[in-house]
Amino acid sequence: MSGRRMLVVGAHSADFVWRSAGAVAAHTETGGEALVVALSYGERGESGVLWQQEGQTEENVKRIRHEEAAKAAAAVGAEFRAFDLGDYPLHVGPEAIDRLAELMRDFAPHVVLTHPDKDPFNPDHPVAHAAVARARLLTAGAGVASSFRTAPPPELLAFEPHQPELCGFTPTVFVDITSVFEKKVEAMSCMAAQKYLQEYYAQRAEHRGNHARKVTGNQAIRQAEAFQRLLPNVVGAL
Ligand SMILES: [Zn+2]
């Protein structure tokens, strides 16, 4: 993916790890550049284990979550940036939308990954989706010459949510992560506050690997990640 730029935006600092760390690693391993943005640290809703420690504070939970996510991003060759907007509930106000749009104009990603627009189990994930979709449109200038600074419209894909069927998620793209699976495992191991998810998402990668083998006939695929294209991709020929 030499010369290609990937932007991953999650509501919480660990979201990118479970859902797209393999795709990020495959992208950077082949020469692409990747930037991960966390709109919040998930300090309230996704850091339960850290709150079991006596005398724990929100500032300290955020500090730990930042370190973990930065380490996980580095493990898959990406840079990590935190917006620290707070979670449960996550609010993405006009200033944060502008900040995200500005980041998109500067980074000019070729591909953007984020949550699907629906999640009956999490109030923040759809909020993140809406913010990314809006910032992307503001960045791309709706495809016409504009009086403000724009960047070309990037591809937009949803990464796999925890319970795909209930989020209306249907895979349309599998990324073969076999050659970088160990990097995903390493990234997941950085998320000490959510150890219970590490085995779960390692198994998910195996299941998606099975599906990717079925659809291609390529028996060399062992692990994969699933994504859903939210916009058509354009090709010169089929
Ligand atoms: Zn999350």
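How far apart are the mean positions of the positive and negative charges of the protein? In this predicted model, the mean positions of the 24 positive and 29 negative charges are 5 Å apart.

**Overall architecture**

The protein contains seven helices and seven strands, and read along the sequence these elements follow the pattern β-α-β-α-α-β-α-β-α-β-β-α-α-β. Its radius of gyration is 17 Å, close to the 18 Å that the globule rule gives for 238 residues, so the protein is as compact as a globular protein of that length. Taken along the principal axes, the box filled by the C-alpha atoms is roughly 60 × 50 × 35 Å. Of the 238 residues, 51% are buried, and the protein exposes about 11200 Å², of which carbon and sulfur atoms supply 54%. When contacts between residues at least 6 apart in sequence are considered, 76% of them join residues at least 24 apart.

The side chain of Lys 184 reaches the backbone oxygen of Trp 18 at 2.6 Å. Setting aside residues up to four places away in sequence, Lys 184 touches Val 17, Trp 18, Arg 19, Ser 20, Ala 21, Gly 22, Ile 177 and Glu 225.

Ser 13 lies in the loop between β1 (5-10) and α1 (15-29), and this serine is likewise buried, with a relative accessible area of 0%. A polar atom of its side chain lies 3.0 Å from the backbone oxygen of Tyr 41, while a further polar contact, of 3.4 Å, joins the side chains of Ser 13 and Arg 65.

**Loops on either side of β3**

Gly 77 is found in the loop between α3 (58-75) and β3 (79-82), where this glycine is partly exposed at a relative accessible area of 46%. Although Gly 77 and Glu 29 are 48 residues apart along the chain, their C-alpha atoms are separated by 7.5 Å.

The loop between β3 and α4 (94-107) holds Pro 89, and Asp 84 and Tyr 88 are found in that loop as well. Most residues other than glycine have a negative phi, and most peptide bonds are trans. Against that background, the peptide bond from Tyr 88 to Pro 89 is cis, with omega near 5 degrees. Asp 84 has a positive phi although it is not a glycine, and Tyr 88 also shows a positive value in a residue other than glycine. Both side-chain-bearing residues are partly exposed, as the table sets out for Asp 84 and for Tyr 88.

| Residue | Phi | Relative accessible area |
|---|---|---|
| Asp 84 | about 55 degrees | 35% |
| Tyr 88 | near 45 degrees | 29% |

Terms used:
Residues numbered from 1 in each chain as written. Predicted model: local features only at pLDDT ≥ 70, side-chain atom pairs only at ≥ 80, totals over all residues. Heavy atoms only, no water. Helix = DSSP H or I, 4+ residues; strand = E, 2+ residues; numbered from the N terminus. Rg over C-alpha atoms; globule rule 2.2 N^0.38 Å. Buried < 20%, exposed > 50% of the residue type's maximum accessible area, 1.4 Å probe, protein only. Contact = heavy atoms within 4.5 Å. Areas by Shrake-Rupley, 256 points an atom, 1.4 Å probe, with all protein chains shown as cover. Lys, Arg positive; Asp, Glu negative; His and termini not counted. Charge placed at Lys NZ, Arg CZ, Asp CG, Glu CD. Polar contact = N/O pair within 3.5 Å; in protein donor to acceptor, adjacent residues only side chain to side chain.
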